[in-house]
Amino acid sequence: MFIKGLIKLIADFILLVHFLLAFFITSGFFIIPIGYKFEWDWCKNLKIRTTHTIAILIVTAETVLGITCPLTSIENSFRGIYNSESFVTYWFREILYWNLSMELFLFVYSVCLIWTIAMWKLFPPKKH
(Lines give C-alpha, C1' and ligand atoms only; values in the text may rest on other atoms or scores of the structure.)
Protein backbone atom coordinates (compact mmCIF):
# COMPACT_ATOMS: atom_id res chain seq x y z
CA MET A 1 0.00 0.00 0.00
CA PHE A 2 2.85 2.40 0.87
CA ILE A 3 4.60 1.69 -2.45
CA LYS A 4 1.41 2.37 -4.46
CA GLY A 5 0.96 5.67 -2.64
CA LEU A 6 4.59 6.61 -3.21
CA ILE A 7 4.37 5.75 -6.92
CA LYS A 8 1.22 7.86 -7.25
CA LEU A 9 2.92 10.72 -5.42
CA ILE A 10 5.90 10.56 -7.79
CA ALA A 11 3.55 10.53 -10.80
CA ASP A 12 1.68 13.54 -9.39
CA PHE A 13 4.98 15.35 -8.82
CA ILE A 14 6.06 14.68 -12.42
CA LEU A 15 2.69 16.00 -13.62
CA LEU A 16 3.18 19.14 -11.52
CA VAL A 17 6.68 19.69 -12.96
CA HIS A 18 5.27 19.17 -16.46
CA PHE A 19 2.48 21.65 -15.77
CA LEU A 20 4.93 24.25 -14.43
CA LEU A 21 7.18 23.81 -17.47
CA ALA A 22 4.20 24.23 -19.81
CA PHE A 23 3.14 27.30 -17.81
CA PHE A 24 6.67 28.77 -18.06
CA ILE A 25 6.75 28.27 -21.82
CA THR A 26 3.23 29.55 -22.44
CA SER A 27 3.41 32.54 -20.11
CA GLY A 28 6.71 33.60 -21.65
CA PHE A 29 4.98 34.33 -24.95
CA PHE A 30 2.98 37.07 -23.22
CA ILE A 31 5.04 38.13 -20.22
CA ILE A 32 8.27 38.82 -22.10
CA PRO A 33 6.77 41.54 -24.34
CA ILE A 34 4.73 42.98 -21.44
CA GLY A 35 7.75 42.93 -19.13
CA TYR A 36 9.88 44.52 -21.80
CA LYS A 37 7.36 47.36 -22.13
CA PHE A 38 7.34 47.91 -18.36
CA GLU A 39 11.13 47.46 -18.16
CA TRP A 40 11.10 44.45 -15.85
CA ASP A 41 14.73 43.36 -15.70
CA TRP A 42 14.02 39.65 -15.33
CA CYS A 43 12.21 39.65 -18.70
CA LYS A 44 15.47 40.78 -20.29
CA ASN A 45 17.57 38.16 -18.51
CA LEU A 46 19.62 36.23 -21.06
CA LYS A 47 19.51 32.94 -19.11
CA ILE A 48 15.73 33.03 -18.74
CA ARG A 49 15.26 33.94 -22.39
CA THR A 50 17.66 31.21 -23.55
CA THR A 51 15.91 28.63 -21.34
CA HIS A 52 12.53 29.71 -22.72
CA THR A 53 13.74 29.47 -26.32
CA ILE A 54 15.34 26.05 -25.82
CA ALA A 55 12.18 24.76 -24.11
CA ILE A 56 9.84 25.71 -26.97
CA LEU A 57 12.43 24.46 -29.47
CA ILE A 58 12.43 21.05 -27.75
CA VAL A 59 8.61 20.91 -27.66
CA THR A 60 8.41 21.78 -31.36
CA ALA A 61 11.15 19.29 -32.28
CA GLU A 62 9.39 16.51 -30.33
CA THR A 63 6.23 17.21 -32.30
CA VAL A 64 8.02 17.30 -35.66
CA LEU A 65 9.75 14.01 -34.87
CA GLY A 66 6.59 12.43 -33.43
CA ILE A 67 8.21 11.87 -30.05
CA THR A 68 6.11 11.70 -26.89
CA CYS A 69 7.32 14.14 -24.27
CA PRO A 70 9.63 12.30 -21.86
CA LEU A 71 7.76 13.76 -18.88
CA THR A 72 4.52 12.30 -20.22
CA SER A 73 6.19 8.90 -20.76
CA ILE A 74 7.73 8.87 -17.28
CA GLU A 75 4.48 9.92 -15.62
CA ASN A 76 2.52 7.27 -17.51
CA SER A 77 5.09 4.63 -16.51
CA PHE A 78 4.67 5.52 -12.85
CA ARG A 79 0.88 5.48 -13.15
CA GLY A 80 0.87 2.03 -14.74
CA ILE A 81 -2.60 0.57 -14.57
CA TYR A 82 -3.75 2.85 -11.76
CA ASN A 83 -6.58 5.04 -12.98
CA SER A 84 -7.64 6.70 -9.76
CA GLU A 85 -6.73 10.35 -9.80
CA SER A 86 -6.79 13.04 -7.18
CA PHE A 87 -8.74 16.22 -7.79
CA VAL A 88 -5.55 18.17 -8.56
CA THR A 89 -4.23 15.47 -10.89
CA TYR A 90 -7.53 15.37 -12.78
CA TRP A 91 -7.52 19.14 -13.39
CA PHE A 92 -3.81 19.28 -14.30
CA ARG A 93 -4.52 16.57 -16.87
CA GLU A 94 -7.57 18.42 -18.22
CA ILE A 95 -5.54 21.61 -18.64
CA LEU A 96 -2.33 20.00 -19.91
CA TYR A 97 -3.47 17.18 -22.20
CA TRP A 98 -5.74 18.03 -25.13
CA ASN A 99 -7.16 15.46 -27.52
CA LEU A 100 -6.42 17.34 -30.75
CA SER A 101 -4.64 16.42 -33.97
CA MET A 102 -0.85 16.30 -34.09
CA GLU A 103 -0.98 18.65 -37.09
CA LEU A 104 -2.72 21.31 -35.02
CA PHE A 105 -0.15 20.97 -32.24
CA LEU A 106 2.66 21.19 -34.79
CA PHE A 107 1.15 24.38 -36.23
CA VAL A 108 0.66 25.98 -32.79
CA TYR A 109 4.14 24.99 -31.56
CA SER A 110 5.71 26.26 -34.79
CA VAL A 111 3.93 29.61 -34.45
CA CYS A 112 5.07 29.80 -30.81
CA LEU A 113 8.65 28.99 -31.80
CA ILE A 114 8.61 31.66 -34.52
CA TRP A 115 7.18 34.17 -32.02
CA THR A 116 9.87 33.23 -29.47
CA ILE A 117 12.60 33.80 -32.04
CA ALA A 118 10.99 37.08 -33.13
CA MET A 119 10.98 38.25 -29.50
CA TRP A 120 14.79 38.09 -29.52
CA LYS A 121 14.73 40.77 -32.23
CA LEU A 122 11.74 42.77 -30.98
CA PHE A 123 12.56 42.53 -27.25
CA PRO A 124 16.27 41.68 -27.02
CA PRO A 125 17.67 40.40 -23.71
CA LYS A 126 20.42 42.25 -21.91
CA LYS A 127 23.96 41.20 -22.69
CA HIS A 128 26.03 41.07 -19.54
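**Exercise 1. Find out whether Arg 79 and Glu 75 are buried or exposed, then trace their salt bridges.**

Start with cover: Arg 79 and Glu 75 are both buried (buried means under 20% relative accessible area, exposed over 50%, partly exposed in between, using a 1.4 Å probe and protein chains only). For Arg 79 the value is 8%.

Next, look at the contact. Arg 79 and Glu 75 form a salt bridge, with their closest N and O atoms 2.8 Å apart (a side-chain nitrogen of Lys or Arg within 4 Å of a carboxyl oxygen of Asp or Glu). The two sit four residues apart in helix H3, so about one helical turn separates them (helices are DSSP runs of H or I, at least four residues, numbered from the N terminus).

Now follow the shared partners: salt bridges join Lys 8, Asp 12, Glu 75 and Arg 79 into one network. Asp 12 pairs with Arg 79 at 2.8 Å between the closest N and O atoms. Asp 12 is in H1 and Arg 79 in H3 (residues 70-79), so this pair ties together parts 67 residues apart in sequence. Asp 12 also meets Lys 8, at 3.2 Å, N to O.

A quick word on the model: it is predicted, with local features needing pLDDT of at least 70 and side-chain atom pairs 80 or more, while totals for chains, interfaces and linings use all residues. Residues are numbered from 1 along each chain as its sequence is written, and side-chain values use heavy atoms, leaving out hydrogens and water.
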